[in-house]
Amino acid sequence: MTQHTDLPSDLLPTTVREFLAAHVVRDADTASSFLADDAVVVDQGETVRGREEAHAFLRDAGSEFEYTTEQIGAHRVDDAHWVVTVRLEGTFPGGVAELDYRFALRDDLVAELVIANHSA
């Protein structure tokens, strides 16, 4: 059963919270430590596979811009799937973006992360 309730970040699974905390401060080493060895990361249509490729992607994605990140929503889809919506504001084209981080967890690790424009 799908539950679409806004959750405070402290009610998200530890893996999701810790990944996002590291990702926000651009700590790719720590963020990638929460990924499964065979993790798949999709960001705006670009797909990387495996922890090593994902680490490089997390390290480099958006590095040419300055921006702030704010969590503006989160919900549980089921025990293994969570969606966190973040708002970015910065020097990238358009200056503002709302993105959904769709997490699929397996064995307390991120097995899949899809980052896409927020669907209202």
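Trainee: Which residues does phenylalanine 103 touch, skipping those up to four places away in sequence?
Mentor: Val16, Phe19, Leu20, Ala80, His81, Trp82, Val84, Val110, Glu112 and Leu113. Contact here means heavy atoms within 4.5 Å. This is a predicted model, so local features need pLDDT of at least 70 and side-chain atom pairs count only at pLDDT 80 or more, while totals for chains, interfaces and linings use all residues. Residues are numbered from 1 along each chain as its sequence is written, and side-chain values use heavy atoms, with hydrogens and water left out.

Trainee: Is phenylalanine 103 buried or exposed?
Mentor: Phenylalanine 103 counts as buried because its relative accessibility is 2%. Buried means under 20% relative accessible area, exposed means over 50%, and partly exposed is in between (1.4 Å probe, protein chains only).

Trainee: Which residues of the largest nonpolar core touch the most other members?
Mentor: Phe19, Val84, Tyr101, Phe103 and Leu113, out of 30 residues. Helix H1 (14-24), helix H2 (28-32), S1, helix H3 (51-60), strand S4 (81-90), S5 and strand S6 (109-117) each give this core at least two residues. S5 supplies the largest share, five residues. Such a core is a set of buried Ala, Val, Leu, Ile, Met, Phe, Trp, Tyr and Cys residues joined through side-chain atoms within 4.5 Å. Helices (H or I, at least four residues) and strands (E, at least two) are DSSP runs, numbered from the N terminus.

Trainee: Why a core at all?
Mentor: In soluble globular proteins, nonpolar side chains tend to be buried together.

Trainee: Switching to rings. How many aromatic pairs are there in the whole structure?
Mentor: Three. One of them joins phenylalanine 19 and phenylalanine 103, edge-to-face, at 5.7 Å centre to centre with 80 degrees between the planes. Phenylalanine 19 sits in helix H1 and phenylalanine 103 in strand S5, 84 residues apart, so this pair links distant parts of the chain. Phenylalanine 19 is buried, at 1% relative accessible area.

Trainee: And how are phenylalanine 65 and phenylalanine 92 arranged?
Mentor: Also as an edge-to-face pair: 6.3 Å between centres, 80 degrees between planes. Phenylalanine 65 is in the loop between H3 and S3, and phenylalanine 92 is in the loop between S4 and S5, so the pair ties together parts 27 residues apart in sequence. Phenylalanine 65 is partly exposed at 23%, whereas phenylalanine 92 is buried at 14%. Ring pairs link Phe65, Tyr67 and Phe92 into a cluster.

Trainee: What's the cut-off for a ring pair?
Mentor: Rings of Phe, Tyr and Trp (its six-membered ring) pair if their centres lie within 6.5 Å; planes under 30 degrees apart are stacked, over 60 edge-to-face, the rest tilted.

Trainee: Now the sheet. What's the strand order?
Mentor: S2-S1-S6-S5-S4-S3, six strands in an open sheet with mixed pairing. S2 and strand S3 (67-78) are at the edges with a single partner strand each, so one side of each has no neighbour in the sheet. From one strand to the next, the twist averages 15 degrees. Two strands pair if DSSP finds at least two bridges between them.

Trainee: How do S3 and S4 pair?
Mentor: In the antiparallel sense, over 10 bridges. Glutamine 71, for one, has valine 86 in S4 as its bridge partner.

Trainee: Which strands does H1 lie across?
Mentor: S1, S3, S4, S5 and S6, at about 140 degrees to S5. H3 packs on the sheet too, touching S1, S2 and S6, with its direction at about 45 degrees to that of S1. Axes are lines fitted to C-alpha atoms, for helices over the stretch in contact, and angles run from 0 to 180 degrees between N-to-C directions.

Trainee: Where is aspartate 100?
Mentor: In strand S5 (residues 96-106). Aspartate 100 is buried, at 3% relative accessibility.

Trainee: Which side chain joins that of aspartate 100 at 2.7 Å?
Mentor: Histidine 118, through a polar contact. The aspartate 100 side chain makes another with the side chain of threonine 85, at 2.6 Å. A polar contact is a pair of N or O atoms within 3.5 Å; within protein, one must be able to donate a hydrogen and the other to accept it, and residues adjacent in sequence count only if both atoms are side-chain atoms.

Trainee: Last one. Is glycine 45 buried or exposed?
Mentor: Exposed, at 67%. Glycine 45 lies in the loop between strand S1 (35-43) and strand S2 (46-49).
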